[in-house]
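This briefing goes through a single protein chain, topic by topic. Keep the sequence and the model side by side while reading.

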Amino acid sequence: MEKDSPMRWDATTTDAKPPRFVPAPLTTAIGRGVRNRCPYCGVGRVFAGYLTLVPECSNCHAPLARLRADDAPPYFTIFLVGHLLVPPVFWVEKAYEPPMWIHMVVWLPLFTILCILMLRPIKGAVVGWMSTLGIVSVEDDEDEEAPAAAAPPLRGLPDRNA
């Protein structure tokens, strides 16, 4: 197999480097993430702001910012809040049949508040989960090779937008 060809991962692949940070067991890492603690050591903080990850743990120096959760936390948050609040919405509608404006005044703020309160712990849990799976972003400064030379500009038809 050529060096530049894409390679599928399998258990016999020996090119993988051993992890520098040993991940905690799944439930421990998720619990630490929910409590805004480093999933590796349980001491440092995960968040620098409301949802901004710290570049690295202040205790063990694990690169937490490389654990990019992206769209998973909002998805899980909406999924959980929806499953918590949709049954009461249907029950209230069936039992009392209030006008639609009452539904909007009650349920929209409740959905919003619960989503805001649950998003950060869920993102911490996803970061903890990702730490156990070893999912990190590709932007590793140590493993990157020198960037390829910029491609020469294309020649041909003139740009009509210029």
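Asn36 lies in the loop between α1 and α2, and its phi is near 60°, a positive value in a residue other than glycine. Most residues other than glycine have a negative phi. The model is predicted, and Asn36 counts as buried in it, at 8% relative accessibility.

**Loop residues with positive phi**

- Glu97 also has a positive phi, near 45°, and is not a glycine.
- The loop that holds Glu97 is the one between α2 and α3.
- Is Glu97 buried or exposed? Glu97 is exposed, because its relative accessible area is 60% and the exposed class begins over 50%.

**Overall make-up**

- The chain contains 3 helices and 0 strands, in the order α-α-α from the N terminus on.
- Buried residues make up 27% of the 162 residues in the chain.
- The accessible surface of the chain is about 12300 Å², and carbon and sulfur atoms account for 64% of that surface.
- Among contacts in the chain with a separation of 6 or more, 56% join residues 24 or more positions apart.

- Gly31 sits in helix α1, which covers residues 26-34.
- With a relative accessible area of 19%, Gly31 is buried, because the buried class is set at under 20%.
- Gly31 and Gly124 are 93 residues apart in sequence, yet their C-alpha atoms are 8.5 Å apart in space.

**Nonpolar cores**

- The largest nonpolar core consists of 15 residues. Tyr40, Leu64, Leu67 and Val127 have the most contacts inside this core.
- Which residues does Val127 touch, leaving out those up to four places away in sequence? With that exclusion, Val127 touches Pro39, Val46, Leu53, Leu67 and Ala69.
- A second, separate core has 5 residues, including Val81, Leu85, Val89 and Val92.
- Leu85, a member of this second core, is located in helix α2 and is buried, with a relative accessible area of 7%.
- Leaving aside residues up to four places away in sequence, Leu85 touches Trp107, Leu110, Phe111 and Leu114.
- For Leu85 and Phe111, the separation is 26 residues in sequence and 7.4 Å in space, C-alpha to C-alpha.

**Aromatic side chains**

- How many aromatic pairs does the structure hold? The structure holds 4 aromatic pairs.
- One of them joins Tyr75 and Phe79, which are stacked, with 6.4 Å centre to centre and 20° between the planes.
- Tyr75 and Phe79 are separated by about one helical turn, because they are 4 residues apart in helix α2 (residues 72-96).
- Tyr75 counts as exposed at 53% relative accessibility, whereas Phe79 is partly exposed, with a relative accessible area of 42%.
- Another pair, Trp91 and Tyr96, is edge-to-face, with 5.7 Å centre to centre and 90° between the planes.
- Trp91 is exposed at 53% relative accessibility, and Tyr96 is exposed with a relative accessible area of 59%.
- Tyr75, Phe76, Phe79 and Trp129 make up one aromatic cluster.

**Nonpolar surface patch**

- Trp129, a member of that aromatic cluster, also belongs to a nonpolar surface patch of about 360 Å².
- Leu26, Leu133 and Ile135 make this patch together with Trp129.
- Ile135 is in the segment after α3 (100-133).

**Salt bridge**

- A search of the whole structure gives 1 salt bridge.
- This salt bridge joins Asp70 and Arg68, whose closest N and O atoms are 3.3 Å apart.
- Asp70 is exposed, with a relative accessible area of 53%.
- Arg68 counts as partly exposed, at 42% relative accessibility.

Notes. Residues numbered from 1 in each chain as written. Predicted model: local features only at pLDDT ≥ 70, side-chain atom pairs only at ≥ 80, totals over all residues. Heavy atoms only, no water. Patch = residues over 30% accessible without salt bridge, like charges linked within 9 Å, V, L, I, M, F, W, Y side chains within 5 Å. Areas by Shrake-Rupley, 256 points an atom, 1.4 Å probe, with all protein chains shown as cover. Salt bridge = Lys/Arg side-chain N within 4 Å of Asp/Glu carboxyl O. Helix = DSSP H or I, 4+ residues; strand = E, 2+ residues; numbered from the N terminus. Buried < 20%, exposed > 50% of the residue type's maximum accessible area, 1.4 Å probe, protein only. Contact = heavy atoms within 4.5 Å. Core = buried A, V, L, I, M, F, W, Y, C linked by side-chain atoms within 4.5 Å. Phe/Tyr/Trp six-rings, centres within 6.5 Å; stacked < 30°, edge-to-face > 60°.
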